[in-house]
Amino acid sequence: MSVISSHKDAEALSLTIVAEFNAGVERVWRIWEDPRQLERWWGPPTWPATFEKHEFTPGGGATYFMTGPDGEKARGWWKFTAIDAPNKLEFDDGFADEHWEPVAEMGETHAAVTLAATGGRTRMTILSTFESAEQLEKMVTMGMEEGMKEAMGQIDAILAEQALV
Amino acid sequence: MVVDQLSDADVDRLFQALADATRRDIIARVITGEYSVSALATHYTMSFAAVQKHVAVLERASLVTKEKRGREQIVRGNREAVQRARQLLDEYEMIWRQRVDRIADILTEEPEE
């Protein structure tokens with residue numbers, strides 16, 4: 001199992017996920033740096049992501065859309081606030097309308113990703129911070145849409161997995 | 001310690017309630033302010049009765065509350081239920097766990113470039 005721990009802070013509205021991968025840091029960095037690799041994992045198979053823009057530099061932006069089973073599109077944007085290859089990246093993440101304008105009322109999430117070598121393997125830590133409980137709830141409601149089909153199928157497995165945490 | 005507050009039946013109800021675009025839209029509206037069912041119905045092309053049914057599904061999943069006021073039925077987002085931050089974080093965690101699994105698959109398929 002790749003995820004080795006998770007920590008939720010309901011008061012600070014943050015989630016920390018720690019995962020370990022059987023690959024070097026440079027290799028894991030590429031799954032963020034290369035948009036073609038990124039789009040293979042950001043969205044679930046039922047809602048694959050397509051990155052239209054991916055300016056992987058501090059201050060740069062990314063835009064992507066996810067395509068649902070009926071062809072519907074959910075759009076999102078990132079703004080890279082820090083990039084320190086190959087160990088650290090931070091970005092703001094939000095929803096966008098059909099003109100790629102950020103949807104302000106949906107708020108944004110801040111993600112801080114760190115990669116550290118641990119004897120040939122890589123430990124990836126993702127800290128996601130939300131603006132408010134309301135915003136978290138909206139993100140999850142929207143995220144549910146993206147992940148719904150998978151979630152329906154995998155819920156039992158996931159609950160079993162979480163019970164072990 | 002994580003999801004023991006949510007029974008399987010609760011999760012199913014929550015997911016089924018959220019599996020419909022109209023119901024998600026209703027939640028998004030009533031979270032920020034109260035609406036009568038008839039006011040909600042003006043936003044959709046479906047019948048008043050159909051909107052009422054959607055509201056009933058949301059009510060069963062504890063996502064909204066409904067209250068009679070005169071001749072109107074007032075719908076409000078159930079903040080307490082909907083904002084149980086810990087549960088929402090659980091859901092968000094699930095999204096990330098699935099991502100991590102997909103990353104692991106890619107790294108297995110293409111260990112070195």
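**Reading the two chains of a predicted model**

Modeller: In chain A of this predicted model, residues 24 or more positions apart account for 36% of the contacts with a separation of 6 or more. Chain A contains three helices and eight strands, in the sequence pattern β-β-α-α-β-β-β-β-β-β-α.

Biologist: What percentage of the 165 residues in chain A is buried?

Modeller: Buried residues make up 27% of the 165 residues in chain A.

Biologist: What makes the sheet of chain A an open one, and which are its edge strands?

Modeller: The eight strands follow the order β1-β2-β8-β7-β6-β5-β4-β3 in chain A, with antiparallel pairing. At the edges stand β1 (3-9) and β3 (49-54) of chain A, each of which pairs on one side only. From one strand to the next the twist averages 20°.

Biologist: How do you know that β3(A) and β4(A) pair?

Modeller: Pairing requires at least two bridges between the strands. Five bridges join β3(A) to β4 (residues 61-67) of chain A, and the two run antiparallel; β3(A) and β4(A) therefore count as paired. Within this pairing, Lys53(A) stands opposite Thr63(A) in β4(A).

Biologist: Which strands does helix α1 of chain A touch?

Modeller: Helix α1 (residues 25-33) of chain A packs on the sheet and touches β2 (14-21), β6, β7 and β8 (121-130) of chain A. The direction of the helix makes about 160° with that of β7(A).

Biologist: Why is Trp100(A) called partly exposed?

Modeller: A residue is buried at 20 or more C-beta neighbours within 10 Å and exposed at 12 or fewer. Trp100(A) has 15 such neighbours inside 10 Å, so Trp100(A) counts as partly exposed. Trp100(A) lies in the loop between β6 and β7 (108-118) of chain A. Its phi is near 65°, a positive value in a residue other than glycine.

Biologist: What is the form of the peptide bond from Ala85(A) to Pro86(A), cis or trans?

Modeller: The bond is cis, with omega near -5°. Pro86(A) is found in the loop between β5 (73-84) and β6 (88-96) of chain A.

Biologist: How many helices and strands has chain B?

Modeller: Chain B has six helices and three strands, arranged along the sequence as α-α-β-α-α-β-β-α-α. Of its 113 residues, 33% count as buried. Among contacts in chain B between residues at least 6 apart in sequence, 54% join residues at least 24 apart.

Biologist: How does the reach of helix α4 of chain B stand against what is expected, and which of its residues are buried?

Modeller: Helix α4 (residues 48-60) of chain B has 13 residues and reaches 19 Å from its first C-alpha to its last, close to the 18 Å expected at 1.5 Å a residue. Its buried residues are Val51(B), His54(B), Val55(B) and Leu58(B).

Biologist: Why are the buried residues of α4(B) said to line one face?

Modeller: Seen down the axis of α4(B), the buried residues fall within an arc of 100°, so they line one face of the helix. An α-helix has 3.6 residues a turn, so residues three or four places apart point the same way. The face of α4(B) turned away from the buried side carries the exposed residues Ala49(B) and Arg60(B). Just after α4(B), Ser62(B) takes a positive phi of about 60°.

Biologist: What are the scores for chain B and for the model?

Modeller: Chain B averages a pLDDT of 80, and 78% of the residues score at least 70. The model scores ipTM 0.77 and pTM 0.62. Where pLDDT is low, the predicted coordinates should not be read in detail.

Definitions and conventions:
Residues are numbered from 1 along each chain as its sequence is written. Chains are lettered from A and ligands numbered from 1 in the order in which they are written. This is a predicted model: local features need pLDDT of at least 70, side-chain atom pairs count only at pLDDT 80 or more; totals for chains, interfaces and linings use all residues. Helices (H or I, at least four residues) and strands (E, at least two) are DSSP runs, numbered from the N terminus. The expected span of a helix is 1.5 Å times one less than its number of residues. The arc is that of the directions from the helix axis to the C-beta atoms. pLDDT is the predictor's confidence in each residue, from 0 to 100. Two residues are in contact if their C-beta atoms, placed from the backbone, lie within 7 Å. Axes are lines fitted to C-alpha atoms, for helices over the stretch in contact, and angles run from 0 to 180 degrees between N-to-C directions.
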